[in-house]
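Please open the structure in your viewer and keep the selection panel at hand. The tour below goes from one selection to the next and says what is found at each stop.

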Amino acid sequence: MAKSKPTAPAAAKAPRRAPLALVKNDAWLAPFEPVLRQRQARLQARLAEIEQHHGSLLNYATAHQQLGLNHDAGRGGYVYREWAPGAEALFLVGDFNGWDRQANPLQRLEYGVWEAFLPDADYAGRLTHGSRYKVHVVTSAGGKDRLPATLRRAVQDEQTKDYAAQVWRPAMPFAWTDQKFRPAAAAPEPLIYEAHVGMATEEGRVGTYREFADNVLPRIQAGGYNVVQLMAVMEHPYYGSFGYHVANLFAASSRFGPPEDLKFLVDEAHRRGIAVLLDIVHSHAVKNEAEGLADFDGSGNLYFHRGERGNHPGWDSKLFDYGRPEVQQFLLSNLRYWLEEFHFDGFRFDGVTSMLYHHHGEGVAFVGYDNYFGPAADEDAILYLQLATTLAHEFKKGSLLIAEDMSGLPGLCRPIKEGGVGFDYRLAMGIPDYWIKLLKHTPDEHWPLGELWHTLSNRRLGEKTIAYAESHDQALVGDKTLAHWLFDAGIYTHMQAADGDPGAARALALHKLIRLLTLAAGGEGYLTFIGNEFGHPEWVDFPREGNGWSYHFARRQWSLGDNPDLKFFQMGAFDKALIHLAKERHLLAAGPATLLKHDEANQVLVFERAGLVFIVNFHVEKSLTDYRFWVTEEGKYRVVLSSDNSRFGGFDRPDEAFEYETYEHQLSLYVPSRVALVLARGRYVQS
């Protein structure tokens, strides 16, 4: 019998690559894993390229140290450089040379950079602290005076309203005292106070950095907030833009005071244990040529995309070309500058949805994963954002990065190594929109609690969220604060604490329930807008021609919240108690809330989080006696927060001293209408 021919050994199979952690946690992402890996690979390739030519990402992010007007002690004078490859000629002009557009020409160097040197021997007495200057840029279309791209300070002439760059080189540098401050230790669970320096005074005028530090920071600290998020810091020519049409990315707005006063504000916040975030705008920029970067060198696409792609369809502004290395470097340097020069602890990135997609989220419903990974995704912008989060976390350990995104991009707030983009938190933009929708269109006796709970709890597992009932967006002219929606005209006539008007009582009760539910169930961080913690009335409207250039709606009426005879004071007291409870019980660091009972008939929600039991009765008139519900832990429970406490404008109906004991894992208690109760097990007493 013939022997069979031996079979060849099977070729060894290549080991199967483990899925990305992002995909492992969400099987629906499996078809898009190649896209996620391609993004990772592109980032690594770009980082390798940067390291090859610049040594490190941190070294790369120093364009502001090479460009603009910088004093070079080694060379003994000022060096001015500008990136303008399409320009035909550049001239530095200012009060130091009588605004002579021919006196100080720049020489063209490599890579489209121009340079001029002004030796101290000739200019020490003329180019000094406070001097004003511009750059005259000559293109094929003619010459224009422009503001340098990386100027550190821009000031406006009171008579002509014209902006100019200003040399800022004080004799004594600011002395920081915050060397031991660590943002991660100060704000492990972010409780964010969103604020605008200019509108933070009660008087009808523009407030200052120093006034904010002296008068508002103590309020923020007393309220229990551990993060202040500053809007409108980056220089913007139009005050009414709320700071979102930025012209000069490296300049702290001079309308609020000198740079040292902003540094004082940040230093003082750190002394009080408060982290400071900058609301940074890298999603678009002002289209003005006189103040901004548009068509800087005449090429039509220096910092921004060419043609219509460079125009935002809804914002009347310009869109950055994130794929251009010089623009990447410019924006990354901007991040480093704010972290390094002003000691900011992180950023709230504005308009991230607009950056992520070529359609900018305009008129698009994100209903499936195809929306996130198809041709509409702007891969250049995603690469920039990955570089940005990498840089910020590397430069300042524990820095806090928040994305304003309404699309829900999977992985936006997961580490890059897992397939994510690297942000720490995203804003829960659907929650405030839902509250406003309810208040506008649905009487509260018909509020659908199942839908409400879904809105509060529907977020990606493992991606942290900042919940909020309202921010500056909800208060803009054309809309109203939540308090004003609730009280309506009564906010002018029924705000005395002793006024028993039933409409005002309803409004006060619902204002407390909305904020408690949002904080307790909506996310892993929480945000309020300046003044709304005490139910600030009306809306925000900056001085403009249409309102007679009035500051009436661009201020904060602190006296309302400070007056114990008003309901505003009661709303503020409830907010303080709620924030204190959240901090003391580490509520936001706990896992998601667990729904224990959804009772649509009685309009009640019961849920647990961080060992606390929350009972919320939205019913317009029905107070529930012997109301029973199941809890996970047996034992004795006490009320640690009642929205019905008279300190908060309530009626003291529940007995807060009573001890409730479970029977077969059930509690039974009295829950008045439009009241929220928070129970804790054991001997816990709120301090």
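At what angle do helix α7 (residues 209-223) and helix α8 (residues 259-271) pack, and how many Å apart are their axes? Bear in mind while looking that this is a predicted model, and then select residues 209-223 together with residues 259-271: the two helices pack at an angle of about 20 degrees, with their axes 7 Å apart. Angles under 35 degrees count as roughly parallel, and α7 and α8 are therefore described as roughly parallel to each other.

Next, select helix α14 (residues 449-457) and helix α18 (residues 502-521), whose axes come within 9 Å and cross at roughly 45 degrees. That angle makes α14 oblique to α18.

Now move to Trp28, which sits in the loop between α1 (21-24) and α2 (33-54). Is Trp28 buried or exposed? Its relative accessibility is 69%, and because the cut-off for exposed is over 50%, Trp28 counts as exposed.

Rolling a probe the size of a water molecule over the atoms shows where empty space is left. In this model, the count comes to two cavities of 30 Å³ or more.

For the largest cavity, which holds about 60 Å³ of space, select Leu36, Arg39, Gln40, Gln386, Leu409, Pro410, Gly411, Leu412, Gly419, Gly420 and Val421, the residues that line it. Helix α2 supplies the largest share of this lining, with three residues. Coloured by residue class, the lining of the largest cavity divides into five nonpolar, five polar and one charged residue.

For the second largest cavity, with a volume of about 40 Å³, select the lining residues Glu194, Gln229, Arg348, Leu427, Tyr468, Ser471, His472, Asp473 and Leu527. How do the residues of this lining divide into nonpolar, polar and charged? The lining of the second largest cavity has three nonpolar, three polar and three charged residues.

Methods. Residues numbered from 1 in each chain as written. Predicted model: local features only at pLDDT ≥ 70, side-chain atom pairs only at ≥ 80, totals over all residues. Heavy atoms only, no water. Helix = DSSP H or I, 4+ residues; strand = E, 2+ residues; numbered from the N terminus. Buried < 20%, exposed > 50% of the residue type's maximum accessible area, 1.4 Å probe, protein only. 1 Å grid on protein atoms, 1.4 Å probe; cavity = no way out; pocket = protein on both sides within 12 Å on 5 of 7 lines; lining within 4 Å. Points joined across faces, edges and corners; volume = space filled by probe spheres on them. Nonpolar A, V, L, I, M, F, W, Y, C, P; charged D, E, K, R; others polar. Axes fitted to C-alpha atoms, helices over the stretch in contact; angles between N-to-C directions. Parallel < 35°, antiparallel > 145°, perpendicular 65-115°, else oblique.
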